[in-house]
Amino acid sequence: MIFDTHAHYYDDAFDTDRDALLSSLPEKGVELVVCPGCDLASSRQSQALAERYAYLYFAAGFHPENLEGMTLDQLDQIRALCAHPKCVAVGEIGLDYYWVKAPEERAFSREVFAAQLALAQELDLPAIVHDRDAHKDCMDLVRAHPGTRGVFHCYSGSIEDAKVLVDRGWMLSFTGNITFKNARRAPEILRWLPLDRLMLETDAPYMAPEPYRGSRCDSSLIPLMAQTVAQLKGLTTEEVLAATLENGKRFFGIS
Ligand SMILES: [Zn+2]
């Protein structure tokens with residue numbers, strides 16, 4: 001019953017055993033995976049994986065860390081990738097002020113993010129948003145695109161912003177970081193968050209949950225995140241897995 005809504009299986013970390021791992025995931029309970037691209041090359045690699053594995057879907061987009069040499073006319077190629085029957089979102093897109101420091105680069109990343117939010121609306125696809133140390137500008141751009149729906153992946157904002165996003169119909173998704181002992185905001189947000197707005201993800205190969213923190217992550221570890229949510233919400237792990245599977249199918253339009 002596992003839906004991993006965000007895993008980067010084209011990453012180098014899987015070069016040695018990618019096919020063996022991806023072939024083994026269904027027997028470990030993995031029912032669906034979305035693999036988001038970060039630029040043209042990785043969006044195309046994600047498409048190739050989706051063509052190879054029935055349970056794997058993909059998203060296409062430019063990540064804010066991958067904008068060097070990028071030009072806005074390349075969004076036409078993202079638009080073309082989005083026409084693929086297994087492309088279920090524009091992503092991952094967003095802002096990252098942890099890695100992107102120069103003011104002109106930040107300004108360009110806002111321009112690219114805005115253009116991709118508009119593209120998601122044009123194509124009637126959800127957006128997968130990456131927000132690192134850029135909460136205010138991310139929220140402002142989401143507000144400026146009221147016709148776009150989406151998910152904040154690996155949500156790290158405040159409960160106040162979470163409420164604004166939920167009111168606008170957006171989803172929040174969480175990685176293995178909710179299982180870390182020093183998780184600060186996530187427990188309060190998860191206790192409050194309506195169950196139908198929650199999705200789970202690995203962000204593989206990163207963000208492995210406890211007790212695997214620091215090692216390579218894959219979609220079979222999602223039940224550890226579900227267990228943390230279940231404890232916070234007074235549910236069973238199975239109830240959380242079932243709800244997040246349904247939420248992901250509804251959100252990405254997978255029947
Ligand atoms: Zn990611």
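This is a predicted model: local features need pLDDT of at least 70, side-chain atom pairs count only at pLDDT 80 or more; totals for chains, interfaces and linings use all residues.
Residues are numbered from 1 along each chain as its sequence is written, and side-chain values use heavy atoms, with hydrogens and water left out.

**The cysteines**

- For Cys 38, the closest cysteine sulfur is in Cys 35, and at 8.8 Å it is too far for a bond.
- For Cys 87, the closest cysteine sulfur belongs to Cys 82, and 3.9 Å is also too far for a bond.
- Cys 38 is buried, with a relative accessible area of 12%; buried means under 20%, exposed over 50% and partly exposed in between, using a 1.4 Å probe and protein chains only.
- Cys 87 is buried too, at 5%.

**The zinc ion**

- His 6 (NE2), His 8 (NE2), Glu 92 (OE) and Asp 203 (OD) coordinate the zinc ion at 2.1 to 2.5 Å.
- Donors here are N, O and S atoms within 2.8 Å of the metal (3.2 Å for Na, K and Ca); water is not among the atoms, so sites may look incomplete.
- Along the chain, the donors of the zinc ion follow the spacing H-x1-H-x83-E-x110-D.
- The 4 donor atoms subtend angles of 82 to 173°, so the arrangement is irregular. Four donors count as tetrahedral if all angles lie between 85 and 135 degrees; four count as square planar and six as octahedral if opposite donors are over 155 degrees apart and all others between 65 and 115; anything else is irregular.
- His 6 is buried at 1% relative accessible area, and His 8 is buried at 6%.

Conventions. A disulfide is a pair of cysteine sulfur atoms within 2.5 Å.
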